[in-house]
Every structure is written in structure tokens, then in C-alpha cells.
Amino acid sequence: MTREDVIAAIGEGRIGAVTIDTTVFDSKQKNFRQVDFRTIAQFRKRNTPVVITDVIASEMMAHLEVEAAETQRVLKTALRQNNLRWHRERPNNEAATLFLDRDPAAFAQSEFNDFVADVGAQVLPVSETPDGLSELFRRYFVVETPFAEKATRKQEFPDAAALLRLEAYAKQREKLVLCVAQDKAWKDFCDKSDHLVAVFPLNAALGMFSAAFEDEDLADKIVELWKAGTEEDFEQEVRDAIIERLTYVDFDVDADCSVEFEAEPMDAQLSEY
């Protein structure tokens, strides 16, 4: 689908959900708290659910866990060398203050839970995919997308399980799922799917929704400005604009007459709204 096709599908209500791949998380410095990553919550404002498969959730948390453990290791090494160099005793509560004793896995899980709660995402278990396991291995042995003819194709199992779950989710709802993903396996799978559409980056997907709801966004801003009541003569301007538009509305008169006639609008008055 082209960008215009996706925008049209959004406007027609054919996009049933939005999901993300691990590549989106990695592109945001593996930080669940990053502001432009949490903008994914904006999809909910247009009644479009945000869904994440549990496989992708586990991948994202695993990536964060590795990063957190590595920074702990580097910091511990640097502190030990610094203390030895400066003949410095280890201060009390140093480990607690610098989170050196924190469990990286528990930290990653907590960060993910906060992210899901903040953006209102739904986690989809891949175990609930109808005939998911048999279809997964069928695609693996016949080398069908997202599996490719390469020695490392076993590494595609998580992506394959996630994509099959998302496709089943879309089929069940007779909608499309917009997949924000950069991974080639995801793109190839979506290209051959009637239910999944791949876009990247996240800003591109948000831009498509903005374009689809441009008129509604403008209307919302006008109402917000109206309610604020800070603009002088606002209601009079709105009233005059409605009257001007009514003046040019054509109409047909249903009547009988012995001679031909035409009706032409000359003026309009707004009685109430």
C-alpha cells in the first residue's frame, strides 16, 4: 500500500490496530521512557488499539536487560579502579545509590509494565494463534516468509510467531493492522499479507493518522479555542461565517405554477444554533 492508500484506509476505518517491532524500540535507544517513543499513545485518540505480541515484548525487555547489565558492569569496573587508584574506601550504600545491586531483568520488566500502562497497549500471547505452531513449522521447512533461505533462518522464529499472531488478530476483526517495523522479514511478510501493512519510522505512521484526521483536528482546535473564551468576537465571527456559507446554498422549490420559474438565494439569517 502507498502512503495515500494507508491514509485512505485510516479515514475509512479499515485500520484495526497498530503494532511495533523490536526495531522501533531499538531505534529509540532502548528506552521505554523516551518521549517520542511514547507518542504511540496518540493512536488511541483515534480509537485505534495499540497491540504488542508477547514475543516482541520479551525481545524488547531482553535488549534493555542486556544494556542495563552492561552499564552496571562498566560502572562497577570504573569505581573499583578509581577506589584503588585514590586509595578510597567504598562509601556506605554506594551500590544501592548507583543501582549496582538492582536486577536488570526486574528493571526491564518494570519499565515495560509502565510503558504498557501509559500508552494503553494490549499484549497478545502468540500461544493463542489458531494452528500457530503447525503453520510456524510449515513455513520454516518450506522456507516461506518470514523465513529465508539462509543459515540463520532459525533466528526468525520470534518474528514469525509474532506476525502469525498479528495476522490472526487482523483476520478475526476483518481489519488491517499497521505494523511499524524496519526489519526485512516483517516487510516481506506484510507485502504478501492481505491483513498487515508495514511502515517505518514511527513518525511516518503518526503522520499518516494526522493526514487522515486533518479536518477533525482542525475542528477540535476550533472548539477548544471557542471553549477557552479568550478571543474577542469569536462567536460573532462563527455566526457571520455560517451566514455567508448559507447565502450560497442552492435549493429547489417544490411548487406548481402556470409559468416557469427559478429560485435564487439572496440572503440568509441564522436564527439559532
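Hi everyone, this is a short walk through the structure shown above.

A word on the ground rules: this is a predicted model, where local features need pLDDT of at least 70, side-chain atom pairs count only at pLDDT 80 or more, and totals for chains, interfaces and linings use all residues. Residues are numbered from 1 along each chain as its sequence is written, and side-chain values use heavy atoms, with hydrogens and water left out.

Let's begin with the overall form. The chain has twelve helices and five strands; helices (H or I, at least four residues) and strands (E, at least two) are DSSP runs, numbered from the N terminus. Its C-alpha trace spans about 105 × 55 × 25 Å along the principal axes. The radius of gyration is 28 Å, while a compact globule of 273 residues would be near 19 Å. That radius is taken over C-alpha atoms, and the globule rule is 2.2 Å times the number of residues to the power 0.38.

How much of the chain is buried? Of the 273 residues, 36% count as buried, meaning under 20% relative accessible area, with exposed over 50% and partly exposed in between (1.4 Å probe, protein chains only).

Now, please look inside. The largest nonpolar core has 60 residues, and F43, I52 and L178 have the most contacts within it. Helix α8, residues 157-173, gives the most to this core, with eight residues. By nonpolar core I mean a set of buried Ala, Val, Leu, Ile, Met, Phe, Trp, Tyr and Cys residues joined through side-chain atoms within 4.5 Å. In soluble globular proteins, nonpolar side chains tend to be buried together.

Which residues does F43 touch? Not counting residues up to four places away in sequence, F43 touches V18, T48, V50, L202, A205, L206 and F209. Contact here means heavy atoms within 4.5 Å.

E94 is found in helix α5, residues 94-97. Is E94 buried or exposed? E94 counts as buried, because its relative accessibility is 10%. Leaving aside neighbours within four places in sequence, E94 is in contact with L79, N83 and R88.

D256, on the other hand, is found in the segment after α12 (234-247). D256 counts as exposed because its relative accessible area is 82%. If you go looking for D256 from V50, the two are 206 residues apart in sequence and 59 Å apart in space, C-alpha to C-alpha.
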